[in-house]
Amino acid sequence: MNILVVDDESVIRDGLARILEGDSFTVDTAKSGHVAIEHLQQKEFDLIITDLKMPGMSGFEVLAAVKTLQPDTPVIMITGFATVETAVDAMKNGTVDYIVKPFTPEQILEKVRLALEQKKNTVEDLYVKKEIDCHHGFDQFIGDSREMQKVYRRIMQVAATDSTVLITGESGTGKELAARAIHKNSPRRDLPFVAVDCTALAENLLESELFGHVKGSFTGAMQTKMGLFMVADGGTLFLDEVSNISLATQAKLLRALQERQVTPIGGTQPVSFNIHLVAATNRNLKSMVSEGTFREDLYFRLNIIPLDLPPLRERKGDIPLLVRHFMNKFMEEVGKDLRGISPEAMQFLENYSYPGNVRELVNTLERAVVLAEGDVIQKENLELGDSAETELCTGFDGFVPTSAEALKEMKRHIRDRSVENVEKAFVINALKRSNWNISRAAEETGMLRPNFQTMLKRLGISVKDYFGK
């Protein structure tokens with residue numbers, strides 16, 4: 001039996017470990033709630049014993065994380081204050097028992113054995129209660145691979161809670177789809193879902209968008225504006241690409257999440273909010289913390305429940321399902337009746353590396369359906385070419401990696417460059433179709449003009465330079 005002991009006092013932590021190990025239990029210890037969550041993400045436990053009062057993260061917050069990450073694992077709460085209110089609160093929040101300091105070894109062992117016996121006799125199963133048909137997909141996701149089944153289960157687990165979720169994954173893996181699926185399957189489904197692209201707004205605008213501002217608080221503030229924390233009140237707030245927020249705004253975001261209040265720019269009175277926060281990033285926040293570009297305390301606050309979306313190259317068994325689904329979708333949209341896809345084209349799609357992930361596959365299939373001249377999609381209709389595969393197989397600019405770390409870095413560089421090339425082709429093509437009018441190009445592609453301009457700036461594209469080419 002594996003038991004996790006969480007307490008900020010080393011004397012209590014070590015004492016409990018000795019008592020439990022002396023009775024043949026396997027014990028892991030954590031000196032804080034944040035460390036406990038890291039343990040919960042890596043290992044299954046039969047029982048959690050946690051202190052109630054701890055700096056940074058309370059026992060009740062640890063309990064909430066347990067109920068999401070390992071919902072069938074019982075929790076015993078340690079408290080230094082034996083009151084009826086404490087006992088009621090502990091039981092109301094889902095603990096199976098509580099114990100008051102100081103305690104004897106016999107008291108601890110008795111409560112542990114009782115909790116484990118209760119767990120053994122419990123016939124409830126989370127996945128029976130939350131039974132879902134994931135054979136062909138879930139919500140807007142398509143795929144029945146083992147990797148995607150894990151994603152679907154995690155979405156159902158976190159949707160029922162208010163625990164903060166951090167979605168990670170490469171560009172094009174469907175991070176916003178996952179956030180919307182969490183909202184759609186939550187008790188907040190009838191309340192607002194508000195998505196914020198943290199890369200699309202300048203720093204001063206992002207702060208105003210999130211927290212709001214008072215009329216006259218800065219140049220251009222012609223009227224009072226409600227921040228998106230308040231727009232999403234009662235619902236779900238999705239912060240996409242949260243890694244792009246500056247350190248200054250990170251500090252304000254952390255304070256807002258800790259206090260559950262925001263103060264608009266130029267305002268003096270904080271306003272309370274009630275949201276389910278979901279954040280997403282395609283970067284490694286832990287590495288950014290080590291580099292000093294992302295706050296460690298904010299990382300811990302966001303990474304309560306991690307949800308990692310696998311790249312398409314790691315779930316290639318889903319490609320035939322995805323091809324069939326999107327072929328049917330685009331045939332209906334363009335009014336074509338195709339019999340299917342040639343074996344050669346399908347083999348190419350199954351062997352391709354997809355630096356742009358599902359988004360790249362979807363764009364490829366739309367292009368193929370439009371360009372197909374017969375009643376079957378051929379390999380040449382895909383217009384993917386062999387360059388990306390050749391590059392991945394032979395190295396980058398003639399360089400062949402000699403270590404696992406060098407290989408990892410090279411692959412990341414190739415993916416980033418491939419995605420950038422797709423983005424460049426996307427915006428230039430949109431501008432050409434719109435006679436180089438940025439507003440029309442943004443509207444035609446379904447983007448806001450500021451977001452389209454931000455993409456142009458990031459890619460180093462000037463309409464003046466490209467016009468007439």
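User: Let's start with Thr249. Does it count as buried or exposed?
Analyst: This is a predicted model, so keep in mind that what follows is computed from it. Thr249 sits in helix α11, which covers residues 247-259. Its relative accessibility is 0%, and buried means under 20%. So Thr249 counts as buried.

User: Which residues does Thr249 touch, leaving out those up to four places away in sequence?
Analyst: Thr249 belongs to α11. Once residues up to four places away in sequence are set aside, the ones that Thr249 touches are Glu203 and Glu207.

User: On to helix α21. Where do its buried residues lie around the helix?
Analyst: Helix α21 spans residues 449-459, and Phe452, Met455, Leu456 and Leu459 are buried there. Looking down the axis, those buried residues fall within an arc of 100°, so they line one face of the helix. As a rule, an α-helix has 3.6 residues a turn, so residues three or four places apart point the same way. The buried residues of α21 therefore lie on one face.

User: And which exposed residues are on the face of α21 turned away from the buried side?
Analyst: The buried side of α21 includes Phe452 and Met455. On the face turned away from that side, the exposed residues are Lys457 and Arg458.

User: How do α7 and α8 lie relative to each other?
Analyst: Helix α7 is residues 146-159 and helix α8 is residues 175-184; their axes come within 8 Å and cross at roughly 45°. The crossing of α7 past α8 is right-handed. With that angle, the two helices α7 and α8 are therefore oblique to each other.

User: What classes of residue make the contact of α7 with α8?
Analyst: From α7 come Ile155, Val158 and Ala159, and from α8 come Ala178, Ala181 and Ile182. Sorted by class, the contact of α7 with α8 has no polar and no charged residues, and six nonpolar.

User: There's another helix pair, α14 and α16. What is the hand of their crossing?
Analyst: Helix α14 is residues 319-334, and it packs against α16 at an angle of about 45°, with the axes 9 Å apart. That makes α14 and α16 oblique to each other, therefore neither roughly parallel nor roughly perpendicular. The crossing of α14 past α16 is right-handed.

User: How many charged residues are in the contact of α14 with α16?
Analyst: Among the α14 residues that meet α16 are Leu322, Phe326 and Phe330, and the α16 residues include Leu361, Leu365 and Glu366. The contact of α14 with α16 has 13 nonpolar residues and no polar ones, and the charged count is one.

User: Which peptide bond is cis?
Analyst: Most residues other than glycine have a negative phi, and most peptide bonds are trans. Pro102 lies in the loop between β5 and α5. Omega is about -10° for the cis bond, the one joining Lys101 and Pro102.

User: Where is Tyr354, and is it buried or exposed?
Analyst: Tyr354 has a positive phi of about 55° although it is not a glycine. Its place is the loop between α15 and α16. With a relative accessible area of 0%, Tyr354 is buried.

User: What is the phi of Asn357?
Analyst: Asn357 is in helix α16, and with a relative accessible area of 0% it is buried. Although Asn357 is not a glycine, its phi is positive, at about 60°.

Note on methods: Residues numbered from 1 in each chain as written. Predicted model: local features only at pLDDT ≥ 70, side-chain atom pairs only at ≥ 80, totals over all residues. Heavy atoms only, no water. Helix = DSSP H or I, 4+ residues; strand = E, 2+ residues; numbered from the N terminus. Buried < 20%, exposed > 50% of the residue type's maximum accessible area, 1.4 Å probe, protein only. Contact = heavy atoms within 4.5 Å. Arc of directions from axis to C-beta. Axes fitted to C-alpha atoms, helices over the stretch in contact; angles between N-to-C directions. Parallel < 35°, antiparallel > 145°, perpendicular 65-115°, else oblique. Left-handed = near helix turned anticlockwise from the far one by under 90°. Nonpolar A, V, L, I, M, F, W, Y, C, P; charged D, E, K, R; others polar.
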